[in-house]
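Colleague: I would like to learn how the features of a model such as this one are read, beginning with the general idea and then turning to the case at hand. Could we start once the structure is in view?

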Amino acid sequence: MSVVLKERDGGVCVLTLNRPDKLNALNVEMLATLELALVELDNDSTVRCVVLTGAGEKAFVAGADIATMQDMTSMQAKSFSDMGHRVCARLERAHYPVIGAVNGFALGGGCELALACDFLYASEKAKFGQPEVNLGVIPGFGGTQRLSRRVGEARARELCFTGDVIDAGEALRVGLVNRVLPAGELLAAAKATAAKICTKGPLAVGQAKRTILRGADVPLDIANELEAQAFATLFDTEDQREGMRAFLDKRSADFKGT
Ligand code: COA
């Protein structure tokens, strides 16, 4: 059984991190398998949305694998961190949105993987945290950066310095997750939103994703220029003509992604 399961339904692909006996902790095999799956999805223009979740009842991902990291040299730790960063960057820069369906613990590398998703739905059982300081280290897959950007620097500092774990309700309150659902409804809700996204213009959704991401770290005037360029680019597409024609014809648009 693969450590990353892939299930396709039309334009939606559900990726399930599958190492439940170790609470889906991220070892090299899992990161490499996930990276490969994301490379394949990147090369498939028919993928419109991905849902990322964890196998089992307890965890999304309980962190980077502590057994793997225990005896690492500094050089090995750098290469492990680079690998985690690569996977997170692939999620973040994918041409399709990624919805994280956080079904349980999202700790350490699990919280970092969740933060690389476009947005998160969480089960009532979900728990989030960056507990690396308990192990004498810090987040290594982008947590110190993406957590600040998502929930603000002061909250990120508190979580990274104390290693505290917050529940789904608190995660909702601080804007880390968009929705909290009963465990049994989580995946269906994420899939329903993914299916809705599939009906929209995929090039437009991709440009919205890119523009929000790239605009977040540059001054507002440059970010707005990026938006204007992306907006203009879409007027070279068949999808723009189809979308506007369909509105005026009072019918649903049939977007082809061209
Ligand atoms: N790395 C490696 N193995 C892990 C792991 C991790 N990050 N998180 C859990 N596991 C393993 C446990 O070692 C255990 O394996 P075993 O059955 O072979 O002993 C198994 O997963 C189940 O975990 P367990 O600790 O027994 O479950 P629990 O319900 O008592 O506790 C947690 C759940 C999440 C609170 C606890 O597993 C934990 O604190 N994990 C580490 C979290 C962490 O520090 N993450 C950041 C890493 S940088």
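Modeller: Let us begin with accessibility: a residue is called buried under 20% relative accessible area, exposed over 50% and partly exposed in between, with a 1.4 Å probe and protein chains only. L23 is partly exposed because its relative accessible area is 25%. This is a predicted model, in which local features need pLDDT of at least 70 and side-chain atom pairs count only at pLDDT 80 or more, while totals for chains, interfaces and linings use all residues. Residues are numbered from 1 along each chain as its sequence is written, and side-chain values use heavy atoms, with hydrogens and water left out.

Colleague: Which residues of helix 6 are buried, and what do they pack against?

Modeller: In helix 6 (residues 153–162) the buried residues are A156, L159 and C160. Seen down the helix axis, these buried residues fall within an arc of 95°, so they line one face of helix 6; the arc is that of the directions from the helix axis to the C-beta atoms. They pack against helix 5 (143–151) and strand 9 (165–167), where contact means heavy atoms within 4.5 Å. The face turned away from the buried side carries the exposed residues A154, E158 and F161, and just after helix 6, G163 takes a positive phi of about 70°.

Colleague: How many residues surround the ligand, and which are the closest?

Modeller: For this shell, a residue is near a molecule or strand if one of its heavy atoms lies within 4 Å of it. The ligand is surrounded by 17 residues, of which the closest are K22, K58, A62, A64 and I66. Helix 2 (66–69) and strand 6 (105–107) each supply at least two residues of the shell.

Colleague: Which atoms of K22, A62 and A64 lie at a stated distance from the ligand?

Modeller: A side-chain N or O atom of K22 is 2.4 Å from an oxygen atom of the ligand. A backbone N or O atom of A62 lies 3.0 Å from a ligand nitrogen atom, and a backbone N or O atom of A64 lies 3.0 Å from a nitrogen atom of the ligand. Of the 860 Å² of accessible area that the ligand has on its own, the protein covers 59%, by the Shrake-Rupley method with a 1.4 Å probe; for residues, only the protein chains shown count as cover.

Colleague: Is E242 buried or exposed, and what is E242 in contact with?

Modeller: E242, which lies in helix 11, is buried because its relative accessible area is 9%. Leaving aside neighbours within four places in sequence, E242 is in contact with R251, S252, A253 and D254.

Terms used. Helix = DSSP H or I, 4+ residues; strand = E, 2+ residues; numbered from the N terminus. Polar contact = N/O pair within 3.5 Å; in protein donor to acceptor, adjacent residues only side chain to side chain.
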